[in-house]
Amino acid sequence: LEQLLAENRKELKSLKSTNPEFFSKIESIIDGVVIKKHESIITVQANTQEIPFDLGKVKCTFIPRVNDSVSLKCLVKRDEKFVDLHGEFIEVIALSAIIREEKNLRIIELYEEGGLIAGGYIFFDDAKRIDYFPRVGDLVDIKYISSLYEVTDKDKKKYYGKNKYNRNNNKQRNETKTYKFRCIEVVLKQAAPSDDSFSRTSEEDFQDKNGITISKTKKSELQNLDEKMRTTIVVMNTGKEVHTISEFKINSRQAISQFKVVHPKTNDPIELKPNQKQSFTIEAIALHYGVSEEEICFKFNASSESEFKIIRKLEINVGVDKEIDVRDNVDTRHRNSRQAQTKAYNVFRKRCDIVPGQRPKKASNFIDIRFPQVPPTAELFDLLTTKSNNQIEEELLSAPYNLKNDLTASNYIQRFKLLLHLEEIQFAINITTYNIERGHFDREFVDGDLYLSLRISNLAEKRPSLVLGDSIIIKSPWKENFAPHQGCIHKIFSDRILVKFVDHFQSEYSGDDYKIEFDFSRASFRKQHYAIARCITTLGGEYLFPSSIITRDPQIPVVLNENGVLINEAYEHEYKWFNENLNKIQKQAIKNILRGEARPMPYIIFGPPGTGKTMTLIETILQIRERFPGSRILVGTPSNSAANLITERLVGYGNIIQGELLRILGQNTIERELIPDEIAKFCGSIEIAAERTIEDNMLTTKSGMKLRMSGSTVGKHRITVGTLITLGQLMHIKYDVGHFTHIIVDEAAQCLEPSTAIPMTFVSRNCGQIILAGDPMQLGPVVTNIHAKSYLEISLMERLLNTPPYRKDYTQKGYDPRLVTMLKQNYRSVPSILETYSKLFYESSLEYTISAVDSEEGKFLNSIKDILRYHENPGIKSEPRAEQNGFFFVGVNGTNTRSGDSPSWRNDNEAATLFTYFVCLLKKGLEVDQIGIISPYLEQVRSIRKLIEEANLFPPKVGTVEEFQGQERRVILVSTVRSSTKELCKDAQYQLGFVKSKRRLNVAISRARALLVIFGNPFLLAKDPYWCDLIKMAINNNTYTGCNLPESLLN
């Protein structure tokens, strides 16, 4: 056989030299129309020729559909002897189309899998970004191509709810329309407005008429729940004829009315002769906190008139209602902001003129790889600290910054360099909130070492948080010749920091006052700058900006049989699962990773709340360790808590030995003692100095923690876990390319792309593999600069999911399994709670596994069903409430207040209402650690904590949404706080609140296992489309209670 192959190769070589025209290939463009599509195989009609090809193997900038007009870049064989000048088709290289753009267009119709945009542009769900759910009336920017689609009315399925923008909302026509353009990208520019009409009654209904006058009512002011108050309404006949009060009743849009007529006791007709009057006694009973309105309607009959009615409003206010702080603090905030910017600029400009302090750890003199400084330019700092926001935005969009251009491989380094600089400058501005105009230090000895201590009030709650490596700069207001001195932060406590200055100042300080300014360590920014530059070089643009799937032979030819057993096809050998409880989708994800057919293109595990993402990752790590004997796995996370959790789970399996697993620690984590005892012996810190320049001085603590580990020691571990920024220390060490074979990033949707790039710098494009796990529908990266926010808050995971190879293909089976697996089985919530976030954020794709009847959660719901006051309201059209429904909405029309120019708010009415339900749950025997209380504002968090502490109750976890990401509780109580639309835009700017933040909403409502109770103002929240839908769910399920509802929700 070898001899025959050798002869064939010789003949082929001879033929190439004698007849080269047989082997000539050139690129040619062939226009055509897509006529067939089955899974990844697509067929294009080009003239009389049908060209089938595998879409996954060609470059493509969009997901094609049948009837699209496309252009194929092909390899063809052609010479002067061919009659067909197009040549003989050989292979398709790329698929493209003429892409045009339009801006500021309105969505006018929605169908089951897409919709119509004004101007005749049709779109399907694969055109939208992963976190966008279109609504009629949305203003969008589009990219479109030529296509041809016929749509009939039978194909259309409108989303529920009245919408004034839907032109065919009230008409049913049986017609077919043809559209010539299809959108391949639809980007939300402005969400559709909500209907703000709140009243069913007209002004005429409240007017006296036909000689009948009715006295006005006063607001019932009550302080406590169940408190009662009576008022009187007098009906007087001032006319000349007899009138009959045929009916009087209270109209309420609440689940339970807070008013009732106590006199007269019957609703029999009452005759009113001329100049006669009738008194009605109305009793108000406080059932919930806040302001509510109801109506009492009187119907009359007269001999000469047809029936008419007169209505009076009934108002009740329960609880102490403080006036909102309506002071316009714009000038004060602007002035304070300018002062902070000036202080930050002065620190930035004078860094080189400062006497350096003593660092917590002496800098290494010899490091194999040093990171460049890459500081922000003075021009950029000047732009951000001297110009208005509009001017800044305008300049950033134009040259030399060019933020208006799309992110590409060619501008990758420059774009992220700019964005990181914007964030760094904002960080420099924000940290000035710690600055002290006049302050002094106390001497403090810790472990025999002398420090200077600086007390800071509310240090634990201030943002940004101080970390080791940050510093202070002191200036003397009295001594002109005193050079600014740097004090490096060595230790951080809840109320003070310990610093060290240069030796002579440290020892001679005598209690003088100084002006104190804070500065931060640039180490994390330098790591990210270096990672971006190295990552694009290591991986290349084809992996960071994929347009096609680059396939390879499987690493291991494994398949899943019908029983979920993992089998190696080559050897017919079964592989054991470490966790036998994995579901089918989790096993498929791990199988796809082990095969690695698209490596090193990142593999994505899309894990919605409660779907077992961490469980899947742990099994993935263990399988890689077992199936690839020479593998070294690097696991990065955005937080220490996530890194600890991964380490704890791995250690929990019991078959990990100490030399295999390393949890890398930063100095800040060690100093703050944030490591659980059970994993301490698997933890250690790194010595980044070149090994040839130092002696081995590794230290092992009593807990087994190893400090100052050399690079070679670290590199021997099979599994290395750490936060992304801490893993950046490894970039100082010269590891061979491909030393780490598998890169795994947990909670990847929470990570800035530059930080995600840190572990990716170690992977080999020839044999490495990258796995990203997370949920782009939950909280994303934290970005503080408003000009960088819309660019930098898009994680690498989210960006990839919006590229053609990774995007969900709605015409086929969804995501390409070679690149993405979406977990769907939810192990957290009862069905009624799961439905809320599955419907709003995951296209109703999540599947419940927790029964609402015979599970522990179901039994719990049955035991507390009498807590929520409930009464079926005939005015609200809804289904009978299920006994085991776990989602409730309590309407509270309270008042939001704040202190001075703080961006944080509180709502005393909501806090009191929530506290009442909290106490009721405790009385039912629920433990406090089974309850979580979430509010988006720190002021409200403090207010709720204060109520609980004043009642001498043990507090549950009360915190912001960010503190609850990744956690769950049996019961979640949510306080939304806001009751007025004033300054909602500033909420968005400060990344506060639920309105205008669908991801924060998603996290809040997906933490509960059995009971989710939301307290909020439906009049405000209904203005947001996601909140509007959520409140409608409660109304439709008869689980709404509390204040009256706006008309837009009742419709």
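An open sheet is built from 4 strands in the order 12-14-18-16, with antiparallel pairing. Strand 12 (212-214) and strand 16 (259-263) lie at its edges; each has a single partner strand, so one side of each has no neighbour in the sheet. From one strand to the next, the twist averages 30°. The model described here is predicted.

Strand 12 pairs with strand 14 (residues 228-237) through 3 bridges, in the antiparallel sense. Within this pairing, I212 has N237 of strand 14 as its bridge partner.

Another open sheet contains 7 strands, ordered 21-27-24-25-26-23-22, and its pairing is antiparallel. The edge positions are taken by strand 21 (436-439) and strand 22 (442-446); because each has a single partner strand, one side of each is left without a neighbour in the sheet. Here the twist averages 45° from one strand to the next.

Strand 23 (residues 449-455) and strand 26 (residues 496-500) run antiparallel and are joined by 4 bridges. S453 is placed opposite L498 of strand 26. In general, strands of a sheet pair through backbone hydrogen bonds, either parallel or antiparallel.

## Helix 3 and helix 4

Helix 3 (residues 378-386) and helix 4 (residues 389-397) have axes that come within 8 Å and cross at roughly 145°. On the side of helix 3, the contact is made by L380, L383 and L384; helix 4 contributes I392, E395 and L396. Sorted by class, this contact has 5 nonpolar residues, no polar residues and 1 charged residue.

## Nonpolar cores

The largest nonpolar core holds 166 residues. The residues with the most contacts inside this core are F441, L466, I497, F518, L730, F841 and L973. Helix 5 (residues 412-430) supplies the largest share of the core, 9 residues. A second, separate core has 32 residues, among them V558, L582, I585 and I605. In soluble globular proteins, nonpolar side chains tend to be buried together.

What is F518 in contact with, leaving aside its neighbours within four places in sequence? The contacts of F518 are I431, Y434, N435, L454, I456, L466, S471, I472 and I497. Of these, L466 and I497 are also listed among the residues with the most contacts inside the largest core.

How values were computed. Residues are numbered from 1 along each chain as its sequence is written. This is a predicted model: local features need pLDDT of at least 70, side-chain atom pairs count only at pLDDT 80 or more; totals for chains, interfaces and linings use all residues. Side-chain values use heavy atoms; hydrogens and water are left out. Two strands pair if DSSP finds at least two bridges between them. Helices (H or I, at least four residues) and strands (E, at least two) are DSSP runs, numbered from the N terminus. Axes are lines fitted to C-alpha atoms, for helices over the stretch in contact, and angles run from 0 to 180 degrees between N-to-C directions. Contact means heavy atoms within 4.5 Å. Ala, Val, Leu, Ile, Met, Phe, Trp, Tyr, Cys and Pro count as nonpolar, Asp, Glu, Lys and Arg as charged, and the others, Gly among them, as polar. A nonpolar core is a set of buried Ala, Val, Leu, Ile, Met, Phe, Trp, Tyr and Cys residues joined through side-chain atoms within 4.5 Å. Buried means under 20% relative accessible area, exposed over 50%, partly exposed in between (1.4 Å probe, protein chains only).
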